[in-house]
Amino acid sequence: MLEEWASAGSQGAGAGALVSLSSGELPRGDRFDWFVELVRENVAPFSLRSVHAHGFEAHVAGVDLGSAQLTHLVFESLHAARTPRHIRRGDPETYQLALISGSPMTIRQHDNEAEIATGSLVLFDTSHPLKTFVPDERGQGRVTLLRIPRDALPLPAGRVDRVLARRLIPDGVTGQVLCQYLTTVRDRAADLGTGERQRLGTIAVDLAAAFLAEHSNARHLQSPESRRQVLRARIDCYIESNLGSADLTAAHLAAHHHISLRSLHRLFAEGQETVAASIRRRRLERCRADLADPRLAGYPIAVLAARWGFSAPAEFSRAFRTAFGLSPRAFRHRTAFGDAPHVAHPAK
């Protein structure tokens, strides 16, 4: 379905991979109908109404993750209803896990009703009637939506029904990792290749399942593979948040996550790079981004490298040249003069 968006205009990594659309590109009188159609095709059919229907302001971005889809919606206050008639006319049979980052939203489904505040999550099911609205007419909805096929979520429907339309607070480790994961994939979607998107989609589903299992007392129903994926995602998020720390080593990661060093290496052996290679690649990517940033042009290269854990300038220069084919100084110079070369991701 994301491919259909692409026909209206897209940006990013290929047709169907990443789409970013804004109502401001359309005549004012056509904007609300445009938004209704996008919701119908890429979430589910709804009846929508808004006091801002004329000249409706909205932005929609989506990325196809294979086993899931991630959509970010920004829109003016509205009321939405999914009725039994909508369900009879067409049901994509999906769960939608929404991270709320704008005005609070009220949602009603399956005899539950809750106001979902900023920073919380809520789950709804396209196979049940639903009502939701942003109550403040001056408010703005901002929702990051993970769309999961019902048969892809490894939890019994009866368990999942317990948490529909309930405020899910991500106060545990899994919830915090899930939120960080969704926002990172959303914000860096343009950098993802096809294979990486597929892998990240699988991890997103596993993280969502682990989070929902905690809230529905179904943690014991998770498969060993799902638990491994969740642990790997937790470790990846920890690495991303601590790249500048000199203490970021395999031994530190194992101790922090209460696993043996051997278990950590075995977990990474299932992928394409070692623990050390993963840390080095991410640090080099951050250094490359800093060297290309004109706002940081006045900072010495050694300072930027140290910011991301490279304390020895000569070692950093060799690693950068090996990964990108240019010295850090040459890369910064070519970028500054508008002649930045196309460089691949760091070698693994």
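## Cavities

A cavity is a set of points, on a 1 Å grid over the protein atoms alone, where a 1.4 Å probe fits but cannot get out. By this rule, the predicted model holds two cavities of 30 Å³ or more. The largest cavity contains about 320 Å³ of space, a volume being the space filled by probe spheres set on the points.

Its lining (residues with an atom within 4 Å of a point) comprises 22 residues. Phe75, Met105, Phe124, Thr132 and Val143 lie nearest the centre. Strand S10 (130–133) gives the largest share, three residues. Helix H2 and strand S4 are among the elements that give two or more. The lining has 21 nonpolar residues, one polar and no charged.

Phe35 sits in H2 (residues 31–42) and Phe75 in S4 (residues 69–76), so the pair ties together parts 40 residues apart in sequence. Both are buried (under 20% relative accessible area, 1.4 Å probe, protein chains only): Phe35 at 3%, Phe75 at 6%.

Phe310, Phe316, Phe320, Phe324 and Phe331 form one aromatic cluster. Arg232 lies over the face of Phe268, 3.8 Å from the ring centre (CZ within 6 Å of the centre and within 35 degrees of the ring normal).

## Basis

Residues are numbered from 1 along each chain as its sequence is written, and side-chain values use heavy atoms, without hydrogens and water. Local features need pLDDT of at least 70 and side-chain atom pairs 80 or more, while totals for chains, interfaces and linings use all residues.

Key. Helices (H or I, at least four residues) and strands (E, at least two) are DSSP runs, numbered from the N terminus. Buried means under 20% relative accessible area, exposed over 50%, partly exposed in between (1.4 Å probe, protein chains only). Rings of Phe, Tyr and Trp (its six-membered ring) pair if their centres lie within 6.5 Å; planes under 30 degrees apart count as stacked, over 60 as edge-to-face and the rest as tilted. On a 1 Å grid over the protein atoms alone, a cavity is a set of points where a 1.4 Å probe fits but cannot get out, and a pocket is an open set with protein on both sides within 12 Å along at least five of seven lines; lining residues have an atom within 4 Å of a point. Ala, Val, Leu, Ile, Met, Phe, Trp, Tyr, Cys and Pro count as nonpolar, Asp, Glu, Lys and Arg as charged, and the others, Gly among them, as polar.
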